[in-house]
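Trainee: I have a model open and want to learn how to read it. Please take me through it step by step.

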Amino acid sequence: MDQFTALIVAKYNYWIYVTLMMIGFYAMIGKKNLVKKLIGMNIFQTAIILMFVSAGVKQGARIPILDKHHVMEHGVNVAEIVNPLPHVLMLTAIVVSVSVTGVALAILLRIYREYGTLEEDEILEKLEK
Amino acid sequence: MKLLQERTAKLRVGESLIIQTAVRIMVPFIQLFGLYVIVHGHYSPGGGFQGGVVLGASFVLLALAFDQKFSMKYMSEKANGVLGNVGALIYTGTAALCAIFGGLFLDYSALDKLIPLGPVGWRSFGIFIVEVGVGLAVMSIMAALFWVLGSNGDMEEGL
Amino acid sequence: MKALALLTTLITGAILLYGTMDFPAFGDPQSPAAIHLSAYFIEEAVHETHVPNLVTAVLGDYRGYDTMFETVVIYCAGLAVVSVLRKKRSKTQENKS
């Protein structure tokens, strides 16, 4: 039991992301309303973005904005600076998530105009007629 | 006092004179801050994406506090579309210009032949040009997304 | 149906948690993500581009293709939203203007 607790404490961040991801995943596959599915997908994306950002963390490190003249003369210790690569990747991922949300909302509005509802089963019923 | 009462009487449901005045004062500063975030991206947290979103948020704020027509007085739909196209074109155009001047695609140091700033200087300045393009594109797309989604496509009533 | 969804979610979560056993601990400076490429960026980006903000340097220069097609992606998203939703004005208003 102590070993298990130590395991959770050492990697507590992953437990948070997995919980968030489970909430989003359940909303995506368990709910009937299309808007709720979309919000679930957004929560899922947030979990993945948080996971990638946490991959760049180094204990006791500074933000990746350096002093130019100091670095040109003395160089820099890699262990003191946070890994900038996950930040870049997630910056673009956030913008993709915004555009995906926008397009999905547009299609949902179009579906609402066409069928008058956003419930999945009601749309399926109307499609079969 | 009478003027205030007249202006309050004209407001529709959900609109407030206090909020409208505050937004009117805040919007220029928000746009200035967005520009600062874009152009100061080399030295502080920021860059094209973030600054573009701040600039787009100013139009969203106007559309929320007033109505959509008022927000589109600040930035018409046509100008918005042109700015979005120009933003995407600045990025791809810079990249293509690098290839035309004998470097690799997106290798900004090749632009040294055009204006001599030194290869390293051009790599710094090329990032700046590209960020401005990204900022313009993101701003126009954010505003367009809100306008179109908020008014259900007719660009008139709005939220 | 909801029970099935809940079961699927729980199984997926359990598999992912089992997968995290092999992951590096939070804030480990020797994690695999921190020792290969990012060390080069942190050491050399300022010399090669003169940009103190490493995120901007990597975003605009080293990963320029990524950012360029990112811009194209949001551009296409805007185009898609406008072309899916945009309605023309109704006829009464066309007569007015």
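Trainee: How many of the residues in chain B are buried?

Mentor: Buried means under 20% relative accessible area, with exposed over 50% and partly exposed in between (1.4 Å probe, protein chains only). In chain B, 43% of the 159 residues are buried. This is a predicted model: local features need pLDDT of at least 70, side-chain atom pairs count only at pLDDT 80 or more, and totals for chains, interfaces and linings use all residues. Residues are numbered from 1 along each chain as its sequence is written, chains are lettered from A and ligands numbered from 1 in the order in which they are written, and side-chain values use heavy atoms, leaving out hydrogens and water.

Trainee: What radius of gyration does chain B have?

Mentor: The radius is taken over C-alpha atoms; the globule rule is 2.2 Å times the number of residues to the power 0.38. A compact globule of 159 residues would come near 15 Å, but chain B has 20 Å. Its C-alpha trace spans about 65 × 30 × 20 Å along the principal axes.

Trainee: How much area do chain A and chain C bury between them?

Mentor: Buried area is the accessible area (1.4 Å probe) that two parts lose on being put together, summed over both. Here that is about 4,600 Å², 75% of it on carbon and sulfur atoms. α5(A) gives the most to the side of chain A that touches chain C, with 15 residues.

Trainee: How many salt bridges cross that interface?

Mentor: A salt bridge puts a side-chain nitrogen of Lys or Arg within 4 Å of a carboxyl oxygen of Asp or Glu. Between chain A and chain C the rule finds zero.

Definitions and conventions. Helix = DSSP H or I, 4+ residues; strand = E, 2+ residues; numbered from the N terminus.
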